[in-house]
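Hi,

Here is the structure I promised to pass on.

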Amino acid sequence: MNNIEVGKKFVDEFLEKYGDLPISELPKFIPDEDKTKTALIKKMAEESNTSIETLSEYLGCKPQSLRNKMFRNSFSIDDLLIAAYACGFSVVLKNNATNKDTVIDLVEFFKPMDDDILVRISDLEKKNKAAKRAEYNKLKAELKKMRDEYGFDEE
């Protein structure tokens, strides 16, 4: 079968399956066949608006190293747990026999093994909190300036 025949077969099967569906609607109906660790991390990052830079900080690497790991799909279980934490997700293990869930606590998981990871994450969270505090204080000062300028009283 040559390339033209393969392409025609694909188009025919596609049209048979999806008909006149507008292209903008296709992502809803095409199954996500990318079940890699990279796809999982990208999905968590996308849903939580977490940047590559932030993820790389949590994972203790440079953004380019993280991109390389994504390209090679070479994430360890530790990487997955840390990425989930960085994106605000919890990792849950489900016992199929008892139907009970066990939530993996990042601190408890790494505590006996690797304090460096916990120290790095703690430092990042302190830095993030300080940045949020600085942003809050800046916005608060702007609000006060506007109240003074327009003569509004605090409510």
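A word on naming before anything else: helices (H or I, at least four residues) and strands (E, at least two) are DSSP runs, numbered from the N terminus. With that in hand, Ser 56 sits in helix 4. Keep in mind that this is a predicted model, so local features need pLDDT of at least 70 and side-chain atom pairs count only at pLDDT 80 or more, while totals for chains, interfaces and linings use all residues. Residues are numbered from 1 along each chain as its sequence is written, and side-chain values use heavy atoms, with hydrogens and water left out.

The overall layout

The chain has eight helices and two strands. Going along the sequence, the pattern is α-α-α-α-α-α-β-β-α-α. For burial I use relative accessible area: buried is under 20%, exposed is over 50%, and partly exposed is in between (1.4 Å probe, protein chains only). On that scale, 19% of the 155 residues count as buried. Contact here means heavy atoms within 4.5 Å. Among contacts in the chain with a separation of 6 or more, 51% come from residues 24 or more positions apart.

The core

In soluble globular proteins, nonpolar side chains tend to be buried together. A nonpolar core, as I use the term, is a set of buried Ala, Val, Leu, Ile, Met, Phe, Trp, Tyr and Cys residues joined through side-chain atoms within 4.5 Å. The largest one in this model has 22 residues, and Ile 41, Leu 55 and Ile 82 have the most contacts inside it. Two or more residues come from each of helix 3 (37-48), helix 4, helix 5 (63-72), helix 6 (77-86), helix 7 (106-110) and helix 8. Helix 6 gives the most, with six residues.

What does Leu 55 contact, leaving aside its neighbours within four places in sequence? The list is Ile 41, Ala 45, Thr 50, Leu 66, Ala 83, Ala 86 and Cys 87.

Back to Ser 56: this residue is buried, with a relative accessible area of 2%. Beyond the neighbours within four places in sequence, Ser 56 is in contact with Cys 61, Lys 62, Pro 63 and Leu 66.

Met 70 is in helix 5, and it counts as buried because its relative accessibility is 11%. Its contacts, with neighbours within four places again left aside, are Thr 38, Ile 41, Lys 42, Ile 52 and Phe 75. Met 70 and Lys 37 are 33 residues apart in sequence, with 8.2 Å from C-alpha to C-alpha.

Helix 4 against helix 8

Axes are lines fitted to C-alpha atoms, for helices over the stretch in contact, and angles run from 0 to 180 degrees between N-to-C directions. The axes of helix 4 (residues 52-59) and helix 8 (residues 115-150) come within 8 Å and cross at roughly 140 degrees. That makes helix 4 oblique to helix 8; the classes are roughly parallel under 35 degrees, roughly antiparallel over 145, roughly perpendicular from 65 to 115, and oblique for the rest. Helix 4 brings Glu 57, Tyr 58 and Leu 59 to the contact, and helix 8 brings Arg 120, Ile 121, Leu 124, Glu 125, Lys 127 and Asn 128.

Strand 2

Ile 104 lies in strand 2 (residues 100-104). Is Ile 104 buried or partly exposed? Ile 104 is partly exposed, at a relative accessible area of 23%. Not counting residues up to four places away in sequence, Ile 104 touches Leu 81, Val 91, Leu 93 and Phe 109.

Two loop asparagines

Asn 49 is in the loop between helix 3 and helix 4, and its phi is near 55 degrees, a positive value in a residue other than glycine. At 72% relative accessibility, Asn 49 counts as exposed. Asn 73, in the loop between helix 5 and helix 6, also has a positive phi near 55 degrees. Asn 73 counts as partly exposed, at 25% relative accessibility.

Cheers
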